[in-house]
Amino acid sequence: MNTDISENLSAFLGQLAPITYLKPRVEANKRVAQPVYTQQGVTIVGLKTTTSRFLPVSHEGHGIETYVDKIELLGKRRAEFECRKLKGMERRSHMRFFRELTAIYGKQPWETYFEQHFDKACVIPNNLCIACWNCSLFGGMEAGKHAAQARIRFFDTYSVQEAEDCIAMESSEEGMGIGNQVYEDVNKVRGSETYHLYEYVKAGTVFPFITFIENPTVLDVTGYLAAIRRADVHGYGRYSANHGKFTTRVLSVATGFPRFSVLNMLTWAEQGDVEDHFTGADKELQVRYDHQPKSIILSLEEIEQLEGQLEPAFREYLRILQVS
Ligand SMILES: [Zn+2]
């Protein structure tokens, strides 16, 4: 094992599933991601802050108007960020990153590599291979034939700030955004047929998040951390080419199931002490995770060391795929 990692990180890595579990098995002449049942899990917790306009929209608007999802929760109206939207963006981001890594370390175009090792080029959402690392983590189905169970769990999240403060809407000072449906980023003369109004979550709005990975390998955890950083730049929500940029602060990576929820985090964020629940400095506030025999919680420095394990883990994955 790598020498520049702490004893605590080494114990954390010791609780993860081996990368060999990511090698697909063969089922009726088709490669399929194998089910992994180690009964272990890793929880990743953090705060996502918008750095641009963000449009969490899960419904059709009215006419030319688009509204941000809102919900009444813990005594406040808040912007709602549905987890299936989070999952969709992060899965795509993970796949782009995976292809990039494959091209670099596999030393051939990703499509060729995927065809050789997963039977086809995996395409989200309608032509999944259900054999690759991405399918093993996010799950998938092949029309009536094979399925891979998702190992990653997402939770809906909500703005810490009140809707009236964090959403630009008709009644707010800024008013709604004005956009062009089709040519959002092209300097064309706007015809009235494509002109529209949209509500948006303003920059500086905070959304706590919790992600849980079942039966994780080190590659899953490091790959997920890299995928969220990239998704932040790529954008979440509607019109993500221009909008929906975030910055993410990871507060905790630990083995085990969380004994707290996004709702707890909203309350802590409002009290202004959300970080104190994760640093370990205050034993009373420190969050707990359920894990047998013992949950290992990484420090921020150890999370950085963990991220450094991505490259060797990916090389190991490619090596395992070569072995017949
Ligand atoms: Zn796939």
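Modeller: Let's begin with a definition: a helix axis here is a line fitted to C-alpha atoms over the stretch in contact, and angles run from 0 to 180 degrees between N-to-C directions. Helices (H or I, at least four residues) and strands (E, at least two) are DSSP runs, numbered from the N terminus. This is a predicted model, in which local features need pLDDT of at least 70 and side-chain atom pairs count only at pLDDT 80 or more, while totals for chains, interfaces and linings use all residues. Residues are numbered from 1 along each chain as its sequence is written.

Colleague: Thanks! How are α2 and α6 oriented to each other, and what makes you say so?

Modeller: The axes of α2 (83–105) and α6 (218–234) lie 8 Å apart, at an angle of about 110 degrees. Angles of 65 to 115 degrees count as roughly perpendicular, under 35 as roughly parallel, over 145 as roughly antiparallel and the rest as oblique. The two helices are therefore roughly perpendicular. Their contact includes Met 89 and Phe 97 of α2, and Tyr 224 and Ile 228 of α6; in contact means that C-beta atoms, placed from the backbone, lie within 7 Å.

Colleague: Is Ala 269 buried, partly exposed or exposed, and how do you know?

Modeller: Count the other C-beta atoms within 10 Å of its own: 20 or more is buried, 12 or fewer is exposed, and in between is partly exposed, with C-beta atoms placed from the backbone. Ala 269 has 19, so it is partly exposed. This residue of helix α7 (262–271) is in contact with Val 160, Val 206, Pro 208 and Val 274, leaving aside neighbours within four places in sequence. The C-alpha atoms of Ala 269 and Val 206 are 8.9 Å apart, although 63 residues separate them along the chain.

Colleague: Which residues of α3 are buried, and how do you know where on the helix they lie?

Modeller: In α3 (110–118), they are Tyr 113, Phe 114 and Phe 118. They fall within an arc of 100 degrees seen down the axis, so they line one face; the arc is that of the directions from the helix axis to the C-beta atoms. These residues pack against β2 (30–32) and α2.

Colleague: What makes β5 and β10 edge strands?

Modeller: The open sheet runs β5-β6-β10, with antiparallel pairing. Strands pair if DSSP finds at least two bridges between them, and β5 is joined to β6 (76–81) by 4. β5 (70–73) and β10 (157–158) each have a single partner strand, so one side of each is left without a neighbour in the sheet.

Technical notes. Contact = placed C-beta atoms within 7 Å.
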